[in-house]
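Please read the points below with the model open.

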Amino acid sequence: MDIVANIQSFTESLPTALRFVGVVLAAFIPYIEGEGAAIVGIIAGMDPWLAIPVAILANLAIVVVIVLSFEKIRAAIINRRIAAGKTPKPASEKQQKVRRALDKYGVPGVSLLGPFLLPTHFTAAALTSFGITKGRVITWQAVAITLYATVFGLLFYGVLSVVA
């Protein structure tokens, strides 16, 4: 039984708008993200030149929401601590690990290497929580999302074309 052919035959009976919604929702999910959503779109029978940009834009949209939210949360926490005269609590082991990676590789390195370890959702939140400007985080996350979604989407499409 060819699962890809079965999925494609099922999704071809769906309205095109539902295929788009499926790709968008997949891109919102950590660990699936842009690269997985592009593959989902291709499996669903969407043209890769349509599935990949939709996956990129959807993944980037949720990352922008996360960055903007964490920026506001960070500012509120810092202001509350300053007003209360509290000293910052020590960083957790995970925070220290991310901080060491940030110090070693910088924002571009963490953004480009991050998807191998953590979803871009978490990487963007961590970078923002360390006080990196939202523009810088969003720019480098956009580069990483675009790179990985394009590479994985086209690789999958190429493999699917050879196998099918």
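Which polar contact joins the side chains of Ser111 and Gln141, and at what distance?

1. Ser111 and Gln141. The side chains of these two residues are joined by a polar contact of 3.0 Å. The term covers a pair of N or O atoms within 3.5 Å; within protein, one must be able to donate a hydrogen and the other to accept it, and residues adjacent in sequence count only if both atoms are side-chain atoms. Ser111 sits in helix α5 (residues 93-113), and Gln141 is one of the buried residues of α7. Ser111 is itself counted as buried because its relative accessibility is 0%. The classes used throughout are buried under 20% relative accessible area, exposed over 50% and partly exposed in between, with a 1.4 Å probe and protein chains only. Setting aside neighbours within four places in sequence, Ser111 is in contact with Leu127, Trp140, Gln141 and Ala144, where contact means heavy atoms within 4.5 Å.

2. Basis of the numbers. The model is predicted: local features need pLDDT of at least 70 and side-chain atom pairs count only at pLDDT 80 or more, while totals for chains, interfaces and linings use all residues. Residues are numbered from 1 along each chain as its sequence is written, and side-chain values use heavy atoms, with hydrogens and water left out.

3. Overall make-up. The protein chain has 7 helices and 0 strands, in the sequence pattern α-α-α-α-α-α-α. These elements are DSSP runs numbered from the N terminus, with helices being H or I of at least four residues and strands being E of at least two. Along the principal axes, the C-alpha atoms fill a box of roughly 65 × 30 × 25 Å. Of the 164 residues, 32% are buried. Among contacts with a separation of 6 or more, 76% are between residues 24 or more positions apart.

4. Helix α7. This helix (residues 134-163) has 30 residues and reaches 42 Å from its first C-alpha to its last, close to the 44 Å expected at 1.5 Å a residue. The expected span is 1.5 Å times one less than the number of residues. Its buried residues are Val137, Gln141, Ala144, Ile145, Tyr148, Ala149, Gly153 and Leu160. Gly135, also in α7, counts as partly exposed because its relative accessibility is 38%.

5. Salt bridges. The structure holds 2 of them, each defined as a side-chain nitrogen of Lys or Arg within 4 Å of a carboxyl oxygen of Asp or Glu. One pairs Lys134 with Glu71, with closest N and O atoms 3.7 Å apart. This pair links distant parts of the chain, Lys134 being in helix α7 and Glu71 in helix α4 (residues 48-84), 63 residues apart. Lys134 is partly exposed at 38% relative accessible area, and Glu71 is partly exposed at 31%. Asp103 forms a salt bridge with Arg99, the closest N and O atoms being 3.4 Å apart. Both of these residues lie in helix α5, 4 residues apart, about one turn of the helix. Asp103 is exposed at 56%, whereas Arg99 is partly exposed at 32%.

6. Thr128. This residue lies in helix α6 (residues 120-129) and counts as buried at 3% relative accessibility. Leaving aside neighbours within four places in sequence, Thr128 is in contact with Val67, Phe70, Glu71, Arg74 and Val137. Glu71 is also the salt-bridge partner of Lys134.

7. Helix α2. Residues 16-28 form this helix of 13 residues, which reaches 19 Å from first to last C-alpha, close to the 18 Å expected at 1.5 Å a residue. Arg19, Val23, Ala26 and Ala27 are buried in α2. Seen down the axis of α2, these buried residues fall within an arc of 100°, so they line one face of the helix. The arc is that of the directions from the helix axis to the C-beta atoms.

8. Record annotation. An unreviewed UniProt entry places the feature "transmembrane region" at residues 20-44, 50-70, 105-132 and 138-160. UniProt positions are given in the numbering used here, feature names are shortened, and annotations may be inferred rather than shown by experiment. In the model, residues 105-132 are 68% helix and 0% strand, with end C-alpha atoms 14 Å apart. Residues 138-160 are 100% helix and 0% strand, with end C-alpha atoms 32 Å apart.
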